Amino acid sequence: MRKTKLVTTVGPALLNGGPLREVLEITDAIRINASHSTPQDRTAVLDLVRRTAEEVGRRIPVFLDLQGPKWRIGILDNPLELELGTLGVFFREGQSVPSGFSWAAPLPHPELMEGARPGQKWLLDDGNLSVEIQECRGDHLIGRVLVGGALKSRKGIHPLGIDVAIEPLTSKDIEDVKWGVEQGVDLFAQSFVRSGADIQALTATIRAFGGSQFIIAKIEHPKALDNLDEILAAAWGVMVARGDLGVELGVEKVPHVQKHIIRQARLAMKPIITATQMLESMIESPQPTRAESSDIANAIWDGTDAVMLSAESAAGKFPLEAVQWLARIAEDADDHAEPHTERRVDRLSDGMLLQTDAAVAFAACRAAEDLNAKALLVFTEKGGSVRLVSRLAGSVPVFGATTNEHNARLMGLLRGVQSLIVPRTQHLSEMVASVEPLLKERCGIQPGDKVVMTVGHPLWTAGSTNTMRVTTF
């Protein structure tokens, strides 16, 4: 059975007659990329995703991935062909286009105009293209192409060696947060996080708009690695955003950095998404490469909760096939995880053992393994206890029982967790009775089967998990 969760980025390839319904029958979470859409565009997409998910009977969380302080090329009528060695210009958006150059690209970032210096190398489109700045002329920059190719609208710009102060949230981010709070998205992903203070700034903005959403911190900047512990403490979860990590650090460093982030997030008991180019070849091909399959499996064996598709599902030629292949690879990796991973219930840091809820989760997971329990059942009000059990669980299926629909959807990003909606009862015996038919349906509970439960007293109080119980049905 597949335990690893799948995150699918929604885009044109899934809409307007695309295979959205079929994808929602497989995927566990949906990502909406704020970098390539306006709030007006996204409203109809979010409504369609929610409506279709309900029709197929799935509780699927939707998170909005904020653009963050990332520089991008402006809007182009058509892709530009940047030929090796040619001279072109980056011009201020809204200004006239300088003549006499091989190519010209709009630059909607005045701070880049001011911070640019001759000799700087600018990487474009996740490093696929490269331009060296030759001259700075106020309203435009002249650059020579070092690595050529097609440049499309809104592709990222990464200037090496530029020193420009950056705010953690742009005006676009704030507008997008407002929309996300109003529409009730389940989570926000924050781009280019550098410190715990960046997470706190976004949290304050969400709260100011009346929202209570949690934050997934995207780890894609060297500063984030320096401040990883404080970021993990402040965020609900993290994403290993390998595209910009590769640009920032060099692609040769990404594998060991990915392992480090996953290991630290696991020790902090936080969910992890591994993203970028998981099935990049499937943008054009109906089948993945062997290297991609190995890459996905190794991320799973390292302990990631979820793996994510980006352009493969949003704009590729084979979006449904990409999701299907991701599911197949993940399922096989899960089936063969034991030789590659430590027993999950054998690892918990000394600091975490001092927390009552973590100690109870550890004991429950160990007991479930030793008793050969049929299931681990976690009664949870806000989701913290089921996150802990998810992190520590071994082979025993985990069920998170909650009264809250939003909380149930968030479990779509927790490895190995299935959500159950139960009524808010007043006594533990009533809670167990309410969940018994659901367990029979989901995992075939039979008379004599053992289920290990965690629960808090007083009941249905966030952060109160303090009891483990073994029930024989």
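**Exercise 1. Determine which residues ring pairs link into a cluster.**

Solution. Ring pairs join Phe90, Trp103 and Trp122 into a cluster. The model is a predicted one, in which local features need pLDDT of at least 70, side-chain atom pairs count only at pLDDT 80 or more, and totals for chains, interfaces and linings use all residues. Residues are numbered from 1 along each chain as its sequence is written, and side-chain values use heavy atoms, with hydrogens and water left out.

Step 1. Rings of Phe, Tyr and Trp (for Trp, the six-membered ring) pair if their centres lie within 6.5 Å; planes under 30 degrees apart count as stacked, over 60 as edge-to-face and the rest as tilted. A search of the whole structure on this basis gives two aromatic pairs.

Step 2. Classify the pair of Phe90 and Trp103. The distance is 5.4 Å centre to centre and the angle between the planes is 70 degrees, and the pair is edge-to-face. Phe90 belongs to strand E6 (residues 87–92) and Trp103 to strand E7 (residues 103–107), so this pair ties together parts that are 13 residues apart in sequence. Helices (H or I, at least four residues) and strands (E, at least two) are DSSP runs, numbered from the N terminus.

Step 3. Classify the pair of Phe90 and Trp122. The ring centres are 5.2 Å apart and the planes stand at 35 degrees, so this pair is tilted. Because Phe90 is in strand E6 and Trp122 in strand E8 (residues 121–124), the pair ties together parts that are 32 residues apart in sequence.

Step 4. Buried means under 20% relative accessible area, exposed over 50%, and partly exposed in between (1.4 Å probe, protein chains only).

**Exercise 2. Identify the arginines that lie over the face of a tryptophan.**

Solution. Step 1. A charge sits over a ring if NZ of Lys or CZ of Arg is within 6 Å of the ring centre and within 35 degrees of the ring normal.

Step 1. Arg42 lies over the face of Trp179, at 4.8 Å from the ring centre. Arg328 lies over the face of Trp325, at 4.0 Å from the ring centre.

**Exercise 3. Describe the largest pocket by its volume and its lining.**

Solution. Step 1. On a 1 Å grid over the protein atoms alone, a pocket is an open set of points where a 1.4 Å probe fits, with protein on both sides within 12 Å along at least five of seven lines; lining residues have an atom within 4 Å of a point. Grid points are joined across faces, edges and corners, and a volume is the space filled by probe spheres set on the points.

Step 1. The volume of the largest pocket is about 1,400 Å³. Its lining has 50 residues, of which Asn33, His36, Lys155, Ser310 and Ala311 are the closest to the centre.

Step 2. The elements that give two or more residues to this lining are strand E2 (29–33), helix H2 (39–55), strand E15 (237–241), helix H8 (242–249) and helix H11 (311–314).

Step 3. The lining divides into 16 nonpolar, 17 polar and 17 charged residues. Here Ala, Val, Leu, Ile, Met, Phe, Trp, Tyr, Cys and Pro count as nonpolar, Asp, Glu, Lys and Arg as charged, and the others, Gly among them, as polar.

**Exercise 4. State what is recorded for the backbone at Pro458, Asp126 and Arg154.**

Solution. Step 1. The peptide bond from His457 to Pro458 is cis, with omega near 5 degrees. Pro458 is placed in the loop between strand E21 (450–456) and strand E22 (465–472).

Step 1. Asp126, a residue other than glycine, has a positive phi, near 55 degrees. Asp126 lies in the loop between E8 and strand E9 (129–136) and is partly exposed at 38% relative accessibility.

Step 2. Arg154 likewise has a positive phi, near 65 degrees, and is located in the loop between strand E11 (149–151) and strand E12 (156–159).
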